[in-house]
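Thanks, everyone; I would like to take a few minutes to walk through one model.

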Amino acid sequence: MIRHALSMAIVISAVMFALAVGGRPGAAQTSPASGGPVDGAIIEDLVAANRILAQEGIVDAYGHVSIRHPGNPNRYLLSRSLAPVLVTAQDIVEYDLDSNAVEARGRTSVLERFIHGEVYKARPDVNAVIHTHSPTVVPFSVTHVPLRPVLHTASFLWVGVPVWDIRDAGDPASAGMLVRNGRLGKSLAAMLGDKPVTLMRGHGNVVVAPNVQTAVRYAIYTEVNARLQATAIGLGGPINYISAEEGAAMGRTPGDPGRAWELWKRKALGK
Ligand SMILES: [Zn+2]
């Protein structure tokens, strides 16, 4: 009797193991390995970044922010498909750089996650990536007016802001306007080059930085600068843009950017 129960248990275990390994039809046979546990304070800053971008009107129901995994440069962390203002620590999913989820647990992935994976592949200096539909940058993506710095807090734009057109990516999927595969993400990352910001025609932008605090600041001031530049153009006449020399000097001595992060984070997390 005991032997029978034991053999049944073995059979049941074997079936469960086969189901676990085989998974659903068409599912990937092996998920990428995790880069390891991540400090709670780092996840909190990623959650805060989502909330801040929503609070400042840079993202709405769409748009997303990721960080490179602090313990493994070949992994990144991004919320599941969810409006950024609703993101909590439990919504953060780990991906490899081909944008395969390490452990999805039924959570739906962001369709345009390939933006993040391909930028991390192309830019070892980048540890945070933001994709937004930042409204005021869009006119600069569909006209011949380049986005240029008019505000000192956006002086990082002095290096130039390229415009990526999905039609030039040579991918049939581009008809949908969304970066829905690695090939489109790679094309976008190539247009970004070594810059902090690239616009996406008729869509929004990608903003990158060495850390998430800087990336959030760049995304916010890119939107503010676009608004002010459009206002200056409306006033008419030649515009005195921030010069390359001034922009480079600001990059060397950025002032006190941490003060803005503390304010935004406190407002966003309510503490
Ligand atoms: Zn988008």
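Predicted model: local features only at pLDDT ≥ 70, side-chain atom pairs only at ≥ 80, totals over all residues.

Met177 sits in the loop between strand E5, residues 163-164, and helix H5, residues 182-192, and although Met177 is not a glycine, its phi is positive, at about 70 degrees.

Let me step back to the chain as a whole. We have 8 helices and 7 strands, and of the 271 residues in the chain, 43% are buried. If we take the contacts between residues at least 6 apart in sequence, 67% of them join residues at least 24 apart. The accessible surface of the chain is about 13900 Å², and carbon and sulfur atoms account for 59% of that area.

Now to the metal site. Which residues coordinate the zinc ion? The donors come from Glu112 through OE, and from His131, His133 and His203, each through NE2, at 2.1 to 2.2 Å. Along the chain these donors follow the spacing E-x18-H-x1-H-x69-H. His133 belongs to the loop between strand E4 (128-132) and helix H4 (138-142), while His203 belongs to the loop between strand E6 (197-200) and strand E7 (204-209), so this pair ties together parts that lie 70 residues apart in sequence. His133 is partly exposed, at 26% relative accessibility, whereas His203 is buried, at 10%.

What about the geometry of the site? The angles among the 4 donor atoms run from 93 to 147 degrees, and the site of the zinc ion is classed as irregular. As a reference, the ideal angle for four tetrahedral donors is 109.5 degrees.

Turning to the aromatic rings, the structure holds 4 aromatic pairs. One of them is Tyr76 with Tyr120, a tilted pair at 5.5 Å centre to centre, with 35 degrees between the planes. Tyr76 is in strand E2, residues 75-79, and Tyr120 in helix H3, residues 114-122, so that the pair links parts of the chain 44 residues apart. Both Tyr76 and Tyr120 are buried. Tyr221 and Trp264 form another tilted pair, since their ring centres are 6.2 Å apart and their planes meet at 50 degrees. Because Tyr221 lies in helix H6 (residues 212-235) and Trp264 in helix H8 (residues 257-269), this pair ties together parts that are 43 residues apart in sequence. Trp264 counts as buried, at 6% relative accessibility. Ring pairs also link Tyr76, Tyr95 and Tyr120 into a cluster.

One further ring deserves a look: Arg148 lies over the face of Tyr241, at 3.9 Å from the ring centre.

Finally, back in helix H6, we find Ala230, which is partly exposed at 38% relative accessibility. Ala230 and Pro139 are 91 residues apart in sequence, yet their C-alpha atoms are 8.9 Å apart in space.

Definitions and conventions:
Residues numbered from 1 in each chain as written. Heavy atoms only, no water. Donors = N, O, S within 2.8 Å, 3.2 Å for Na, K, Ca; no water. Tetrahedral: all angles 85-135°; square planar, octahedral: opposite > 155°, others 65-115°. Helix = DSSP H or I, 4+ residues; strand = E, 2+ residues; numbered from the N terminus. Buried < 20%, exposed > 50% of the residue type's maximum accessible area, 1.4 Å probe, protein only. Phe/Tyr/Trp six-rings, centres within 6.5 Å; stacked < 30°, edge-to-face > 60°. Lys NZ or Arg CZ within 6 Å of the ring centre and 35° of its normal. Contact = heavy atoms within 4.5 Å. Areas by Shrake-Rupley, 256 points an atom, 1.4 Å probe, with all protein chains shown as cover.
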